[in-house]
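Okay, thanks for coming, everyone.

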Amino acid sequence: MKVLLAILVAAGSSMNIDDGLTFVAATTADAGDSRIFVSSGLSDVHSFAATNTDTASNATAASRPETRTVVSSITSFSATPRTHFQIGGDSYQVQGAGRSYSLTTPDPQTLRFEVRPGDQAWYDAGHAVDRNDVALDPTIPVGTSISIDYQFMVEPNGPNGTFVNTASWFTTAEMNGYPAVSSPPFEIGLVGNRLHVMARYCPPGQVPSNRAGNLTQLTLWTAPDPIQPGQYNDIKMSANVSNNSSGYLDVWVNGTRVVNYHGPLGYGTPTYWEYGLYRSAGPPETAAANFRNMTLTTGSGPPGVSAR
């Protein structure tokens, strides 16, 4: 069970989060951001309130309690291609090879994906890709604020418990454009054994296909250290996919802000989110990864956040 809270506070402020009379967490907003993300394993109905202390040590009274019903993340699970199940109440379509290993759910909060050479979705015929992933059914309108939170872990597939990736590109989660005529507006992927974040945009009025040559591609971050197999990485994102000055993408990995991009993002079309493993064809190695505690909110951001 999981709930994600984000509370609007002054940069540098600290905050205590309480669930009724029970202390839940304490955290501090970094100097470049005014939002605090708090996640906690919970169930049933909870009443949250916050006490804020600013940089001058001035404490404010507890906020008005906000009641949230916390539900299981994954429901009506199915691993059959073209079928649907829910993550946090949102419908996702299964896309992939439909093998026994392609998509499993070890527990109600976790999806496990495995991709092997030749794995493809029904629409991948003729394309040099391997894929096992799931895609959000409802599209997200242009200009919508989006907050995404999940934990990601790769499994060892190399000698001595290492992770090996020889694909020329490897996407693990992406915000795709609809219709999908181009590479995704932003993605978190792997370059070798290092996480990285990429973003793309096309100016208004131009064709956003890969072949048209109108895309600007940005590598916003590459991890300085190799990913550690068997260890979860906490990933949080806040975005507005707009191909004008109102676009932005912020990314935190394990509590550290690694991307703070403000500028055009996407192609001026609706988007949809995807979890899973999608790579260039050719690598001989099998790759497997786990995604858990997945949360996606739109509009005003995560529960409790004021509109940006």
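What you see is a predicted model, where local features need pLDDT of at least 70 and side-chain atom pairs count only at pLDDT 80 or more, while totals for chains, interfaces and linings use all residues. Residues are numbered from 1 along each chain as its sequence is written, and side-chain values use heavy atoms, with hydrogens and water left out.

The chain has 22 strands and 0 helices. Of its 308 residues, 49% count as buried; buried is under 20% relative accessible area, exposed is over 50%, and partly exposed is in between, with a 1.4 Å probe and protein chains only. Take the contacts, meaning heavy atoms within 4.5 Å: among those with a separation of 6 or more, 64% are between residues 24 or more positions apart.

Now the sheet. Strands of a sheet pair through backbone hydrogen bonds, either parallel or antiparallel. For us, two strands pair if DSSP finds at least two bridges between them. Here 9 strands make an open sheet, ordered S7-S8-S9-S12-S21-S14-S15-S16-S17, with antiparallel pairing. At the edges sit S7 (74-75) and S17 (216-222), each pairing on one side only. Inside that order, S14 and S15 are antiparallel and joined by 4 bridges, and Glu174 stands opposite Glu187 in S15.

There's also a hairpin, which takes S10 to S11 through 2 residues. Those strands, 103-107 and 110-115, run antiparallel with 3 bridges, and Asp107 has Thr110 in S11 as its bridge partner.

On a 1 Å grid over the protein atoms alone, a pocket is an open set of points where a 1.4 Å probe fits, with protein on both sides within 12 Å along at least five of seven lines, and lining residues have an atom within 4 Å of a point. Of the 32 lining residues, Trp169, Ser182, Ser183, Pro184 and Tyr278 are the closest to the centre. S14 gives the largest share of the lining, 4 residues. By class, the lining has 13 nonpolar, 12 polar and 7 charged residues.

Pro229 is in the loop between S17 and S18 (233-240), and its C-alpha is 7.2 Å from that of Gly161, 68 residues away along the chain. Leaving out residues up to four places away in sequence, Pro229 touches Val154, Glu155, Pro156, Gly161, Thr162 and Phe163.

Which residues other than glycine have a positive phi? Ser76 is one of them, with phi near 50 degrees, and Asn293 has about 50 degrees. Ser76 is in the loop between S7 and S8 and is exposed at 54% relative accessible area. Asn293, by contrast, lies in S22 (residues 287-299) and counts as buried at 16%.

Notes
Ala, Val, Leu, Ile, Met, Phe, Trp, Tyr, Cys and Pro count as nonpolar, Asp, Glu, Lys and Arg as charged, and the others, Gly among them, as polar.
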